[in-house]
Structure formats: structure tokens, C-alpha cells
Amino acid sequence: MHVKKYLLKCLHRLQKGPGYTYKELLVWYCDNTNTHGPKRIICEGPKKKAMWFLLTLLFTALVCWQWGNFIRTYLSWEVSVSLSVGFKTMDFPAVTICNASPFKYSKVKHLLKDLDELMEAVLERILAPELSHANATRTLNSSIWNHTPLVLIDERNPHHPVILDLFGDNHNGLTNSSASEKICNAHGCKMAMRLCSLNGTQCTFRNFTSATQAVTEWYSLQATNIFAQVPQQELVEMSYPGEQMILACLFGAEPCNYRNFTSIFYPHYGNCYIFNWGMTEKALPSANPGTEFGLKLILDIGQEDYVPFLTSTAGVRLMLHEQRSYPFIRDEGIYAMSGTETSIGVLVDKLQRMGEPYSPCTVNGSEVPVQNFYSDYNTTYSIQACLRSCFQDHMIHSCKCGHYLYPLPRGEKYCNNRDFPDWAHCYSDLQMSVAQRETCIGMCKESCNDTQYKMTISMADWPSEASEDWIFHVLSQERDQSTNITLSRKGIVKLNIYFQEFNYRTIEESAANNLVWLLSNLGGQFGFWMGGSVLCLIEFGEIIIDFVWITIINLVALAKSLRQRRAQASYSGPPPTVAELVEAHTNFGFQPDTAPRSPNTGPYPNEQALPIPGTPPPNYDSLRLQPLDVIESDSEGDAI
């Protein structure tokens, strides 16, 4: 009912028309507003009116400009970073350890036999070309070489580079192998890997500044092709087992062994072992800072069984990370040398980002438009997992297969030369693509809450010459039940991992410009330049509403007058009086003639008998509306 009454009021107001004009409204506003400038415009003389009008206009523009700057600064969502230091008992980090060699050579030698023979021939051709020609009688697996060969490039003439296959003829004019010796011994010779697709019709060259880099990358690419065709369970059996690698373990005062570690297969390093991962058990707290309360490990890397051409680094790769997070140890890990005791003191930094719209971060990765291929491990979100999943997704869409180094979605296959002959060329193009990297970086987001472990590393020789004999005897007896020494300094690594202190740093983001900052600056500028307040803004909003209301009323009145003009235009002559309208309504004989009349016919061409008209009503002048002054003058005449 209240809404209906309000609507009826509005309708009556529209029918009545505006009660005042725009000019009257402006004068009223300037006379009653609390803002200082408009009052002086209507109260002063003509010259001062003009001066105050210009000043008011200038300061209004200045206030609007300042407001725009403050609003733009607020909408930029800038953050300020605060650093705080806390002290509490903390959970010990998860520790991941891997051997630098992914496989034991004794177990993968049969898979790499042809590749190793080819690698030896390549090294002979590079190091001693004359001897390689004399020993060229042995047969090599040419299918591996023909798919992705190494070539020599002479760039002394950049307009006509000379390209020569190490085991073939020149592609640009040279015809014998003696020319390769001249090129290889000459200044400006480079080694490159030729990657071809579409049956060799489209080729690119990946250049290297050193033959060491060239043969290492070439061998790694060929080994990837071989291992991609082997089931993962067999690869796990070919890597280093935990009971052989972890010789001794002690956490604080509690002994531990390889059963306290979780094993995962990492393609770069084979079997990796994670301590205190927190997947099935509660995370272990650290009782106190210091070496005696940390994790102590003695590891055997078995360096004598390394794959000679696949791994050129000896040692242990290790990484500290949060519980339930996947260890990207190749990117974030560190090496510990064999024959040394490596002590790692840990400090904790906790990062807390605000999230959208201040920081492009995510809590759990649910809003990231990239499928997480690491979800099978049931780990938390990380930007490294997102970037590698994004690359693998592009690899599958571009090359029709997935790379061996990254997890594979269901229903897809790993790339290999047999099923996907063009995969190496496609992988190289995708790896060098700037657009692909920018696309993945744009889609992936940082984690809003992150914990980083800062490490202080120190090393010393271990064991010492005076104690190595009895230490190796004891360790050999414990692992191999042998009285002979089966271990050596080049394969032993000792690790001490501990908290330096329980102080931790929290790096937290906060809004640099919040809503209170915005309102205070807007009000300060408005009050300083125009002497206004929030009430002045409400007054200004009121006059805007009045302006709109007057405009609506005027438009309605204009539309109504246009309709009346159209209705009057359909009648010729003056409008009928009230008496004529009443007579036309009651007298049946008073009907308008609608048919056209000719000059020869009478008033009724059909001579049709009409009904006798009735008595018309009296024509009362009192029914007409007369002005008030006319009525008063008539009454005065009657009185006289």
C-alpha cells in the first residue's frame, strides 16, 4: 500500500509539472550550500561574481584531479612488506636425498650398449681422427646416429658455413673425412646437434661452444629415448635401493633407518628418499636447535657403478622443503661432496602474500587453469608443479607425446624415436619458445603461503686418515656382513642437518593503500581546496537528483503536449462548447454528417425518414468556466 501511494504521488507530480526551473534550483543551491565558493557567486557584484566563479571552477577541477590520482593509486593494489621475528618450537623440515647417478651401470648396461659404443666412436673421432679411421671396422647402430647426429660447423665464412657429419660426408661440399680434421682443428669450428622432422626435410641445429657440452647433451637425449620405453617399475629396480644407500641414520637421540624414508622415483636422479614427509605420519618436531638435535646421515653413493657418459657429477643431491610438498630437487637442491662431512644449519622464512587483487597468488591452485600432473602424489600446490605441468601439456598437444622427465596424464605415451620420430625436433622448438614460457608463467601463480629454508653450509674431510680404516670396516660389516672393506672415501657422504636457532622470520604483505587512507585523502583535498565535507557531497547529490527530476517532468510534459497537438490537428474548426457536447450526447437527431454531399442533393440524399428530434436541454452559461474577475464584475453590476 505504501508503494502504491508513493507511485500515485509521483504520477500526480508528473501531471502537475515542475514547480521550479533550473535557474531557480541553482540559485537555491548556491544560497544554501555549505561549500564556500558558490555562496559568493550570488552574493557579490558582477566582477566578483565572475572572479569567484572562476576560482570555484579552478579549485573544483583541482580537487577532481587530486581525487583521480588517489583513486588510481588505490586501485593499483600496491602492497607494503613487513618483517617480523618470532620464536617457537618448529617442525623439522622434510629432507629429500638422491644419488647424483639415476641408475646403477651394471643394471642398465644392456640397455645402453649400442649407445655407449656409438659414444666411444664419437669421442675417438673428436679426440684422435687418425686412429678412428684405423679402428672403423667395428659395426655401429646407425639408426641411433642417423636420427639425431652430431655435426661440425665451420663458421669462418658466415655466409657459407660448412657442415660435416662426424660419420658421414659433407652436406655443403666437402667429400672426405680428412676435411673434417682440418675443420675440427681450425679456429671457429663448432659442434652442433642436428634435429630433423618430416623425414629429414625440416632441420634445425642446436649449437654448442664446447664438445663436452655437445656430447653430454646428445647422450642424455638418446638415453631419454631409451628409458622412456622402459616401464617405471623396472627403472626403480635399476636405481640405487635405500638399504644400500642409507648406511646410518640418527634423528636427535632416536635411531632411524631406510624404512623411515619414503621412496619416490625422480627421472633425473632415479630413486629419491624423503625423511619426515608427513604423508602418512605426523611431522616430527625438533626438540632444540643445534647439531645434536638434528638429522645425521651416512650415505654410500656407489660411485664406482655410475653410468659413465650419463652422469659426470659425483655426490648426493639434497633438498629441504615443507611437509606434503613435492621436492623439485633438480631446481632447488644442493650437492654434498663425497668423502666429506657436510653440516647444514637451517633458518626458516615464512612468506604470506595477500592474494587477489593485491598479489597474483593462490591458496591451493584451484583457480589455476592448468591441470596438475603431480596430483597423484597428493602434494600441495607449488608454482614449479604448475610450470612443469603446463610444459608437459604443451608438449602433448604439440608433439603428440609427453616428455620422460615429467609426469604423464592418463592415456598418453612418453616420447621415443620408434613411435614419435619427430619428437626431438618438436621438443627443442618448444623448449626454446619464448611464447610457451610466457604463456605458462601467465597462467601459473605463486602460492600465497610459503616456507623457505635458508641453509648455512660447511664441509670438512670425513673420515680422517687416522680413522677411516676402522670406520670403513664397521660400515662394511653392518651393510655387507663382510670382514673386508667394501666402502671407500670416494663413495661415502656424511650429512648433519639441524636448526641453527628457533627464531623464524615472517615476511608478510599488507595493503599499502587501504580504504581509510583513500577516504582521508579525498576528504582532506576537498576540505582544503573548497572547505567542504561529506554533507556538501550529499547536498550536491541532492541537486543532481533534483535536476534529473525536473528533466523527467519536462520530458513528460513535452510528450503530453505533443499528443494533445496531434489530437487537435485531426479536427477542423474551433472545439465544441460544453452545451454542444451535451446536446450531441442526448439529441439523436444531432448527428454529424460523414458522407460527402453534392451540390444537387438535398440535406438527406436518400430521403430517409429521420426520428423526430427531442427537446434539447437548456444552454446554461453557468456550465462554462469563467475567470474569477469576470464573475466579480458581474456581481458588482447587479448590485448597482
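Which residues in helix 3 (residues 36-43) are buried? In this predicted model, in which local features need pLDDT of at least 70, side-chain atom pairs count only at pLDDT 80 or more, and totals for chains, interfaces and linings use all residues, residues are numbered from 1 along each chain as its sequence is written. Side-chain values use heavy atoms, with hydrogens and water left out.

The buried residues of helix 3 are G37, P38 and I41 (buried means under 20% relative accessible area, exposed over 50%, partly exposed in between, with a 1.4 Å probe and protein chains only; helices, H or I of at least four residues, and strands, E of at least two, are DSSP runs numbered from the N terminus). Viewed down the axis of helix 3, these residues fall within an arc of 95 degrees and therefore line one face of the helix, the arc being that of the directions from the helix axis to the C-beta atoms. The exposed residues H36 and C43 are carried on the face turned away from the buried side.

An unreviewed UniProt entry lists residues 50-68 and 528-558 as "transmembrane region"; such annotations may be inferred rather than shown by experiment. Residues 50-68 are 100% helix and 0% strand, with end C-alpha atoms 27 Å apart. Residues 528-558 are 90% helix and 0% strand, and their end C-alpha atoms lie 43 Å apart.

Helix 10 (211-227) contributes the most to the lining of the largest pocket, with 9 residues. A pocket is an open set of points on a 1 Å grid over the protein atoms alone, where a 1.4 Å probe fits, with protein on both sides within 12 Å along at least five of seven lines; lining residues have an atom within 4 Å of a point.
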